[in-house]
Amino acid sequence: MSDLLFRGGRVFLAADAFAEAVLVRDGRIAAVGTESDVAQLAAPGHDTVDLDGGLLTPGFTDAHMHPVQAGLERARCDLSGVYGLPAYLERITAYAGSHPDHGWIDGGGWDMSAFPGGLPHRTQLDVIDRPVYLIQRDHHAAWVNTRALEVAGVTRDTPDPADGRIERDADGTPSGVLHEGAMDLVGLLTPRPTASDLHDALMDAQRHLFSLGVTGWQDAIVGSYAGYDDQLPTYVSAAASGALRARVVGALWWDRARGAEQIPELLERRRSAEGLERFRAGSVKIMQDGITENFTAAVIEPYCRCGGTGLSYVDPVLLKECVAELDRHGFQVHFHAIGERAVREALDSFEGTDPANRHHIAHLQIVEPSDLPRFAALGVTANLQPLWATHHAQMDELTLPFLGEERSSWQYPFADLQRNGTLFCAGSDWPVSEADPIQGMHVAVNRTEPGGSIHAGYPTAQTPFLPGQSLTLATALTAYTAGSARINHDDDAGTIVPGNRADLVVLDRDPFTEPAADIWRTKVAMTFLDGEEVYRR
């Protein structure tokens, strides 16, 4: 492999530090500095990448996403690119018509905010004569038709599972929305993807992520959940064959219906990935609560208007014991925590754990102010999903009215966390939201909808949401690079310094030199892994 010289733009190093050029040799960064100095070190016959006034950054690492599920949904009835009942029905009926041999119509990507009260109805899908199972964009609910409920035997007499809820009409008949654990009542009956289907889904996701500059990620649920099958064999096979090019950490799913007796199984699952260069299974994902929109997020004071304080999926006493044992076995713990009670329970469980395991809490929609200093004190990283921190219909119509004014002001407190010394990583939660890190950075800086998003036409989309919680572009970019690489224990990536791997992204412009409101317009021009081009726009 010949030397590769990047020149003709700027190179992001850290904060306000930039360079002019980078030399790559044998897949590693060999030199960083001024163009004249670095060019002198390049071997004769070297190749050159002209940045053309753009910006060179480290490859992006997404600290929380679900690529295999995303790939499967892209291959099925994908509703993520449209909005509203008419558009959904048009796409669903078209998909059903083009797949007459499919016994089920399954897929996902519908948005709660497209329906009054956030709830579609089974009868809206009864135009399809086959069972239909469509996962909500947030993956915390499913929309099914009457036929699907009949096949599953779900009736007015079916009790709610302990970790979920069946939405019902006034007479108790299931209405067609299954929340959280209730999704499995129907989801587990849908056709199982083959090993080939799962492999193809991973490869499709990888190609898409390379086009967005994502060179590594943490898969936030590796296991059976919400009707999806375990992806661990898919990752192990793809890594062993060389098909997996990105560097990935799998967060093994914690079965919330069990306790510490499952840890030996998790240890065995971790061992199954040992020795693989591109994949490790060193993290464990614990989902401690649900989401605010269906009132399953765990809050301290009852929700306004509807009462209730949500669900803590794992008893806090048991949680602390299990996290301590996972920590002793060297596992990293990756929490889902949306409500302020769930965040507090996660922080409590980290008391006395080893910061070297780099534990982190994802989402952090609501953080009670007294808990803000605890992240840094405990060495816990805040795993941000910035795209959610805007005014959009789901926020304005299905969240703010039920949280109340004070608690609403505690949402996505990025700047407050930073002021308290918290370390950041960042992710998209794709396919819950778009996988493009640039769009996430735009929101982190502006707290408004990116101009190209599906929600950008909402009336208050360009009204900053709690603008005092904005981050600088350098902080947001660092979270998606060095911060997330650190969470994956990928210590020779995430920064452009000599000796690090040449996982690099060329942006088509330098967003630091343009108005902050235009960050979303930035596109990835090229992506490199180990100095090898894997994407060109």
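Predicted model: local features only at pLDDT ≥ 70, side-chain atom pairs only at ≥ 80, totals over all residues.
1. Start with the backbone background. Most peptide bonds are trans, and most residues other than glycine have a negative phi.

2. Go to Trp430 and Pro431: the peptide bond joining them is cis, with omega at about 10°. Pro431 sits in a loop, the one between strand E21 (424-426) and helix H16 (437-446).

3. You'll find Glu180 in strand E14, which covers residues 174-180. Is Glu180 buried or exposed? Its relative accessibility is 2%, and the cut-off for buried is under 20%, so Glu180 counts as buried.

4. Leu466 is another non-glycine residue with a positive phi, this time about 45°. Leu466 belongs to the loop between H16 and helix H17 (473-487). Its relative accessibility is 25%; because that falls between the 20% and 50% cut-offs, Leu466 counts as partly exposed.

5. Now for helix H8, residues 263-271, where Ile263, Leu266 and Leu267 are buried. Looking down the axis of H8, you see these buried residues fall within an arc of 105°, so they line one face of the helix.

Methods
Residues numbered from 1 in each chain as written. Heavy atoms only, no water. Helix = DSSP H or I, 4+ residues; strand = E, 2+ residues; numbered from the N terminus. Buried < 20%, exposed > 50% of the residue type's maximum accessible area, 1.4 Å probe, protein only. Arc of directions from axis to C-beta.
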